[in-house]
Amino acid sequence: LVGIGSAVETPYRFDTKGEMLAAARNPAVLRAVARQTLSCSHPDVGRYHRVAPGQHCGYCVPCIIRRASMAHVGEDRAEDYLIDVRHNPPGAGTETGKDFR
């Protein structure tokens, strides 16, 4: 209908990201490279915590989705995030808490 001569297939349209990770054909590769990926929408926030930018903030929506997905396959590590929202969520009145909400 839009004039594209190719079929558009979306095989994962009903899967969560955690389900997609669980279905990985090579879980060893997933474990080896997943910690090298970055999903965060605030990768520069580390400078406010006196660490190098490029780490997951832990409280933005992409970080929360990533963390839930990694937990689904047993690869969740709190140390991969600046803020551990599972065990120490930010206060509702803080700037971090506003984003987390």
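Colleague: Which residues form a nonpolar patch on the surface?

Modeller: L1, V2 and I4 do, and together they have about 460 Å² of accessible area. Bear in mind that this is a predicted model.

Colleague: Is I4 buried or exposed, then?

Modeller: Exposed, because its relative accessibility is 56% and the cut-off for exposed is over 50%. I4 sits in the segment before α1 (17-22).

Colleague: And G3, where is that found?

Modeller: In the segment before α1 as well. G3 is exposed, with 73% relative accessible area. Its C-alpha atom is 38 Å from that of M70, which is 67 residues away along the chain.

Colleague: Switching to the inside: which residues are in the largest nonpolar core?

Modeller: There are nine: C40, V45, C57, Y59, C60, C63, Y81, I83 and V85.

Colleague: What is C63 in contact with, leaving aside neighbours within four places in sequence?

Modeller: C40, H56, C57, G58 and Y81.

Colleague: OK, salt bridges. How many?

Modeller: The count comes to six. One of them joins the side chains of D80 and R35, at 2.5 Å from N to O. That pair links distant parts of the chain, 45 residues apart: D80 is in the loop between α3 (61-72) and α4 (95-100), and R35 in the loop between α2 (27-33) and α3.

Colleague: Is D80 buried or exposed?

Modeller: D80 counts as buried at 13% relative accessibility, while R35 is partly exposed at 42%.

Colleague: What about R67 and D84?

Modeller: Their side chains meet in a salt bridge too, at 2.8 Å. R67 lies in helix α3 and D84 in the loop between α3 and α4, so the pair ties together parts 17 residues apart in sequence.

Terms used
Residues are numbered from 1 along each chain as its sequence is written. This is a predicted model: local features need pLDDT of at least 70, side-chain atom pairs count only at pLDDT 80 or more; totals for chains, interfaces and linings use all residues. Side-chain values use heavy atoms; hydrogens and water are left out. Patches are made of residues with over 30% relative accessible area and no salt bridge: like charges are joined within 9 Å, nonpolar side chains (Val, Leu, Ile, Met, Phe, Trp, Tyr) within 5 Å. Accessible areas come from the Shrake-Rupley method with a 1.4 Å probe; for residues, only the protein chains shown count as cover. A salt bridge is a side-chain nitrogen of Lys or Arg within 4 Å of a carboxyl oxygen of Asp or Glu. Helices (H or I, at least four residues) and strands (E, at least two) are DSSP runs, numbered from the N terminus. Buried means under 20% relative accessible area, exposed over 50%, partly exposed in between (1.4 Å probe, protein chains only). A nonpolar core is a set of buried Ala, Val, Leu, Ile, Met, Phe, Trp, Tyr and Cys residues joined through side-chain atoms within 4.5 Å. Contact means heavy atoms within 4.5 Å.
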